[in-house]
Amino acid sequence: MLKKELQIFTFGDLLNHFPFRHLDRTQIQVIGQINPSMDHVQVRGILISMEVLGERRGRRLVAQLRDRTGIIELTWFQGIQWVQKSLALGNEYLVFGKLGFFLGKPQLNHPEIESVKDNANAGKNFLEPVYSVTEKLKARGLNGRAWSKLTQQLFMVLGEKEISEILPQQIIQAEQFISRWQAFLYIHFPTSQQLRDEAIRRLKFEEFFIAQLRLGLLRSARHRFSKGHVFSKVGDNFNTFFHQHLAFPLTGAQKRVLKELRQDTSTGKQMNRLLQGDVGSGKTIVALMLMLIAVDNGFQACIMAPTEILAKQHADNFTAMLSPMGMEVVLLTGSVKSAEKKKILQSIESGKVSIVVGTHALIEETVKFQNLGLAVIDEQHKFGVAQRAKLWQKNSIPPHMLVMTATPIPRTLAMTAYGDLDYSVIDELPPGRTPILTVHRLDDARPQVMDFIKSEIALGRQIYFIFPLIEESEKLQYEDLMQGFENVKAWFPEPKYWISMVHGRMTAEQKNVNMSRFINKETQIMLGTTVIEVGVNVPNATVMVIESAEKFGLSQLHQLRGRVGRGSEKSYCILLSGSQVGRDAKDRLSIMCSTNDGFKIAEKDLELRGPGDIQGTRQSGTLDFKLADLVQDKLLLEKSKQYAEQIFVSDPDIKKQENSSLKEFLQVEKGFTTWGKIS
Ligand code: ADP
Ligand code: MG
């Protein structure tokens, strides 16, 4: 039953069911000083009265306890007879319970009470653990208190030896950690707040440290055992492109990353690399150049984007750059007509085309490559892990994988969330970009905002207007959107102004037409939902207006803002909201106004939201720590990472005697299936 109710089935699991808090029973409060800020109180005094009051359901036993400073009322609604029998007026008692107030007077309902006479050293010298138990267990008589007893008994039989040390001595000494046994003892039954804190610190570290070791082992197993294609040379395609068609010099960061990718793909092991870079940092060109290297080595390469708009943009962009070199690019999306599709599939399977751009359509089973050597995933956060895995299977030797994301996450977190991937970052924007000026305006400033936009359009610039999706009701969402569009149209009437529009209810064809007109400057304004959130690149657009900006999350706002500031002109992001905005939303808006740095924003986002839904990491389980918190315990996380790295440097297989208990622990721990491959 325990097993089913709490998923507890061994001593070890009992041990690992930590109390969610402790009640401080080291202190005895003076009744006269009890105040409403206290939560639980422990008092000691003489029982001076006791009587049963009320009828039926209101029936209760009310007693009074007095110390030298005052009187507190004790009340029982159940077990009245039993309590009454076990207490005696004039005796001294130690009482503990949750504090309540009735008519301004302190009282304790159903307190614990024990006679001081019976128990010479009454007054407990530890912090009392409080455990969560399910209703079902409670119904069977196993409440938190009983649970505590069970755990206490466990510690009577468990000696130091049964909870043996796993951390290397050197770490324990350097960090002055208490022993593992002590840590478990004190997280359940601490004798002081300080010991409890020590126990928690040590156990949190352990959680992080073990996680880091596991990820490290996974990574090194992959490095050593996953066979991959060898891109041994840089050939004509790359060189011609680099020397004759690349329109700008690469930034230092782009060069460095390209080198890392070159290194990865030449070793004979499969590459699995995460490439992070803020919006506009120029990830696409790096991916394209690696794709060219794949082709130079006789392989095909594909790039998968999350939306048709983005896939089309990549395809157009690649075609413009590569067709002068006589290279063909195909675009495969869900909306390609079947006759056309058949032709494309055929050209992919026969190896006639080398560079393939697409959406999810690429992972369908009908898509067969002749020899896929590299798969790039753009905007990883829009895809699930399973979809990533599907691309692997497109070849007998899995292709190298380059996973790109423009929703930066702090590095330590990235290492934890994507620990199975290697990590590169483009931490530099191409030169000549002027920072985007971001402002927050209330709805009633709309006339000024519209005037400003008109002045930008007069300068030949283009504008985005983004409206939020309202998730509760699709119909409402659509109507709101249309209303919003109408409002904007009223400010910008034809034929002076032309407007493009993109939203989720349009067909891919309609979206394409609207997008193309905007790209070709036939329209000055693009109205849309977050459909255009990712990747869209129109350097002539200089103003991003976000309607109801308070409804967007931080990383989404940052993504949207990244649609402007892509050319050399000064760009603006205007966040519109009503005057009634919640506190969190206000925080988000002011963060947006204060920085353009995606990594800083990611850091803030993490603080505000927690790591909960960072890029689908929830499913991966790597971020599920029991005690540790990725945000609050950042320093411990960093430390654990450094120690784990030291271990990998000095003992890559974790084979040395000094790490033997650690290795044993890693092997025994359930759920770590990949270990088998490593040892
Ligand atoms: P993201 O990293 O957000 O995907 P893109 O790859 O779309 O960014 O690049 C944004 C813009 O910057 C594109 O117009 C691209 O051509 C341009 N760009 C990329 N690298 C450089 C560079 N080194 N110098 C100048 N412009 C660059
Ligand atoms: Mg991009």
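## Ground rules

A residue is called buried here when its relative accessible area is under 20%, exposed when that value is over 50%, and partly exposed in between (1.4 Å probe, protein chains only). By that rule Tyr-572, at 18% relative accessibility, counts as buried.

The model is predicted, so local features need pLDDT of at least 70 and side-chain atom pairs count only at pLDDT 80 or more, while totals for chains, interfaces and linings use all residues. Residues are numbered from 1 along each chain as its sequence is written, chains are lettered from A and ligands numbered from 1 in the order in which they are written, and side-chain values use heavy atoms, leaving out hydrogens and water.

## The whole protein

Let's start with the overall picture. The protein has 25 helices and 21 strands; these are DSSP runs numbered from the N terminus, with helices (H or I) of at least four residues and strands (E) of at least two. Of its 679 residues, 52% count as buried.

The protein exposes about 32500 Å², and carbon and sulfur atoms supply 51% of that area (Shrake-Rupley method, 1.4 Å probe; for residues, only the protein chains shown count as cover). Among contacts (heavy atoms within 4.5 Å) between residues at least 6 apart in sequence, 73% join residues at least 24 apart.

## Aromatic pairs

Rings of Phe, Tyr and Trp (its six-membered ring) pair if their centres lie within 6.5 Å; planes under 30 degrees apart count as stacked, over 60 as edge-to-face and the rest as tilted. By this rule the count comes to 12 aromatic pairs. One of them joins Phe-452 and Tyr-572 edge-to-face, with 4.8 Å centre to centre and 80° between the planes. Because Phe-452 lies in helix H16 (residues 446-458) and Tyr-572 in strand S21 (residues 572-577), this pair ties together parts that are 120 residues apart in sequence. Phe-452 itself is partly exposed, at 27% relative accessible area.

Tyr-464 and Phe-518 make a tilted pair, because their ring centres are 5.3 Å apart and their planes stand at 55°. This pair also links distant parts of the chain, with Tyr-464 in strand S17 and Phe-518 in helix H18, 54 residues apart. Tyr-464 is buried at 0% relative accessible area, and Phe-518 counts as buried at 0% too.

## Helix H18 and its cover

Helix H18 (residues 508-519) has 12 residues that should span 16 Å at 1.5 Å a residue, and its end C-alpha atoms are 16 Å apart, in agreement (the expected span is 1.5 Å times one less than the number of residues). Its buried residues include Ala-508, Lys-511, Met-515 and Phe-518. An α-helix has 3.6 residues a turn, so residues three or four places apart point the same way.

What covers the buried residues of H18 includes helix H12 (308-322) and strands S17 (462-466), S18 (499-502), S19 (525-528) and S20 (541-546). Just after H18, Lys-521 takes a positive phi of about 65°.

Not counting residues up to four places away in sequence, His-314 touches Thr-284, Ile-303, Ala-305, Val-357 and Asp-378.

Helix H23 (residues 634-650) has 17 residues and reaches 25 Å from its first C-alpha to its last, close to the 24 Å expected. Among its buried residues are Leu-637, Tyr-643 and Phe-648. Tyr-643 also belongs to one aromatic cluster with Phe-177, Phe-205 and Phe-209.
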